[in-house]
Amino acid sequence: MYVVLLGLPGAGKGTQAALLKDETGLPHVTTGELFRENIRGGTDLGKQAQPFVESGRLVPDEITIGMLLDRISQPDCAGGCMLDGFPRSLEQARALDEALAGKGKRIDRTIYISVATDELVCRLSGRWSCPNCGAVYNETSRPPRTPGICDNCGSRLEQRKDDRPEAVRTRLEVNLKNLEPLLDYYRTQGKLCEASGEGPVEEVARAVRACLEGER
Ligand SMILES: [Zn+2]
């Protein structure tokens, strides 16, 4: 069973994938990890991806898809896996379907963990870090004992420009614009299941599991 996890940054895909992996044994395959492993392992695809990754440019789709196909043909993915981080656009979804079809495989289900943009802005813009020791805090989920001060070393915490609410909102809006056609694509194929990503982690996990089990 090949599952694609979809959701905006901050929706909790990583957390849910980790929970599901423990319960179902389905490996969590992220593009970040694929790039790191292929580059570290010196594979042909890794060598092709390296200059893009190192310069922060987008890795071309055919390289990423090549890595995905390699990864899902490994023994631990024999029973399926959860893809996270790819596809991110309609073009990528089409290319992935085509490549999978060539191997006699297909995406069975996509799970969209939906969270309202305002909530995501709250989650993502609450991040503060310590310029001295690198500790990271979150206003709501992991606040420092004294507001604005690092627990470890007592330095004054800073907020990166990228983590300020306006910047976060702009980033989310760009992401959403790419995500919407992707959701429509999988919805039309009858493969999309939506799980609310708001509320406690366990509640979200129940909704995601229901999607996985095809109960909805
Ligand atoms: Zn510190």
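What radius of gyration would a compact globule of 216 residues have, and what does the protein chain have? After that, please take me slowly through strand β3 (residues 81–84).

Modeller: This is a predicted model, in which local features need pLDDT of at least 70 and side-chain atom pairs count only at pLDDT 80 or more, while totals for chains, interfaces and linings use all residues. Residues are numbered from 1 along each chain as its sequence is written.

For your question, a compact globule of 216 residues would have a radius of gyration near 17 Å, and the protein chain, at 19 Å, agrees with that; the radius is taken over C-alpha atoms, and the globule rule is 2.2 Å times the number of residues to the power 0.38. Along the principal axes, the C-alpha atoms of the protein chain fill a box of roughly 55 × 40 × 30 Å. The protein chain holds 8 helices and 7 strands, which are DSSP runs (H or I, at least four residues, for helices; E, at least two, for strands) numbered from the N terminus. Of the 216 residues, 28% are buried, that is, they have 20 or more other C-beta atoms, placed from the backbone, within 10 Å of their own. If we take the contacts (C-beta atoms within 7 Å) between residues at least 6 apart in sequence, 65% of them join residues at least 24 apart.

With that background we can turn to β3, which covers residues 81–84. Its residues C81 and L83 point one way from the strand, whereas M82 and D84 point the other way, and all of these residues are buried.

Now for the partners of the strand, where two strands count as paired if DSSP finds at least two bridges between them. Strand β1, made of residues 2–6, runs parallel to β3 and is joined to it by 4 bridges; one of the pairs here is Y2 with its bridge partner C81. Strand β2, which spans residues 28–30, also pairs with β3 in the parallel sense, over 3 bridges, and in this pairing the bridge partner of H28 is M82.

Terms used: A residue is buried if 20 or more other C-beta atoms lie within 10 Å of its own, exposed if 12 or fewer, and partly exposed in between; C-beta atoms are placed from the backbone. Two residues are in contact if their C-beta atoms, placed from the backbone, lie within 7 Å.
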